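Here's a quick briefing to read alongside the model. Have the sequence and the 3D view open as you go.

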Amino acid sequence: MQPRRIQKRQIETRVEMTVMVRMIIRSLIPIILVFGAYIITYGHLTPGGGFQGGMIIVGAVMSFYLAYGYNIMRRFEEDDLDLSEHIGALSYLLIGLIGLFAGVSFLSNILRGGAPGGLLSGGIILVLNFVVGFKVATGTLLVLLILLEVLQKGTPKQ
Amino acid sequence: MIRINLIGAILLFLLGLYGVMTNRNLVRMLLNLGVMESATYLFLIALGYRSNSTAPIFYEPTLVPGQTLVVDPITQALALTSIVIGVVTLAMALSIIVQIARHYRTLDVRHVRDLRD
């Protein structure tokens with residue numbers, strides 16, 4: 001007869017939250033994402049802009065993590081987020097350089113027209129808001145993902 | 001600016017600070033940190049007020065740019081930025097608290113002192 005193996009008492013902890021929290025988060029996340037896109041788009045008319053809307057989008061993803069645990073955040077690849085952040089920074093630079101090549105100055109307004117108070121009245125600010133929102137969302141998400149990975153295990157994998 | 005709002009923001013900040021200093025539960029300390037953040041939002045928005053002015057959103061029929069008195073929009077944008085940053089900070093702090101509770105099996109801040117396991 002084999003000797004009885006002494007098992008270490010394991011404390012079983014659940015990763016996800018209760019079903020009510022999960023259901024509420026699932027129904028609220030599209031609303032928060034649309035609200036973040038609205039804050040980004042109307043940044044030149046109402047308080048907000050690229051940075052604030054990007055952080056709202058990150059807030060929606062973080063509430064998703066709070067409800068479902070760390071396993072669902074493994075779907076985000078760090079290399080994709082890093083590449084997206086670099087693309088955002090380069091797009092900002094390219095939009096500024098378009099103004100330089102058009103002969104006026106760096107980051108000059110080349111999209112004129114639009115009624116005052118309308119969506120197109122901001123000119124180049126509308127495009128820059130989108131670029132800044134995208135960059136802020138992916139960059140902050142990358143930093144928070146690395147932080148969450150350190151919280152799960154001891155050190156981040158190299 | 002309205003003086004009563006500024007005094008109220010300072011009092012709210014001190015209330016939150018007192019709560020952070022005297023509470024032992026980690027979640028209650030986080031809630032009082034949220035109260036302190038709300039005090040700063042109130043302070044920022046009350047700083048930008050002008051007398052007999054309206055919201056700084058221009059649309060053509062009633063509010064004309066250059067002729068209507070509006071409040072300062074920069075402090076409102078700063079308050080919105082602070083709110084949004086506070087949300088993400090709150091989410092990260094809550095995830096750290098969940099890990100602490102899972103590791104130490106307690107939320108009392110006096111027992112969470114060790115730097116090694």
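Chain B is built from three helices and zero strands (helices are DSSP runs of H or I with at least four residues, strands are E runs of at least two, and both are numbered from the N terminus). Along the sequence, chain B reads α-α-α. This is a predicted model, where local features need pLDDT of at least 70, side-chain atom pairs count only at pLDDT 80 or more, and totals for chains, interfaces and linings use all residues. Residues are numbered from 1 along each chain as its sequence is written, while chains are lettered from A and ligands numbered from 1 in the order in which they are written.

**Chain B overall**
- Chain B has a radius of gyration of 20 Å, well over the 13 Å that the globule rule gives for 117 residues, so it is more spread out than a compact globule (the radius is taken over C-alpha atoms, and the rule is 2.2 Å times the number of residues to the power 0.38).
- Its C-alpha trace spans about 65 × 25 × 20 Å along the principal axes.

**Where the chains meet**
- The contact draws 21 residues from chain B and 21 residues from chain A (two residues touch if their C-beta atoms, placed from the backbone, lie within 7 Å).
- On the chain B side, that's 15 nonpolar, four polar and two charged residues (Ala, Val, Leu, Ile, Met, Phe, Trp, Tyr, Cys and Pro are nonpolar; Asp, Glu, Lys and Arg are charged; the others, Gly among them, are polar).

**Helix 2 of chain A**
- Helix 2 of chain A has 14 of its 19 residues buried, so it is largely enclosed by the rest of the structure.
- The axes of helix 2 (residues 50-68) and helix 4 (residues 124-152) of chain A come within 7 Å and cross at roughly 35° (axes are lines fitted to C-alpha atoms, for helices over the stretch in contact, with angles from 0 to 180 degrees between N-to-C directions).
- The contact between helix 2 and helix 4 of chain A has 14 nonpolar, six polar and no charged residues.
- Just after helix 2 of chain A, Gly69(A) takes a positive phi of about 90°.

- Leu107(A), not a glycine, has a positive phi near 60°, and sits in the loop between helix 3 (78-101) and helix 4 of chain A.
- Arg105(B), also not a glycine, has a positive phi of about 60°, and lies in the segment after helix 3 (73-104) of chain B.
- Leu107(A) is partly exposed, with 16 other C-beta atoms within 10 Å, whereas Arg105(B) is exposed, with 10.

Methods. A residue is buried if 20 or more other C-beta atoms lie within 10 Å of its own, exposed if 12 or fewer, and partly exposed in between; C-beta atoms are placed from the backbone.
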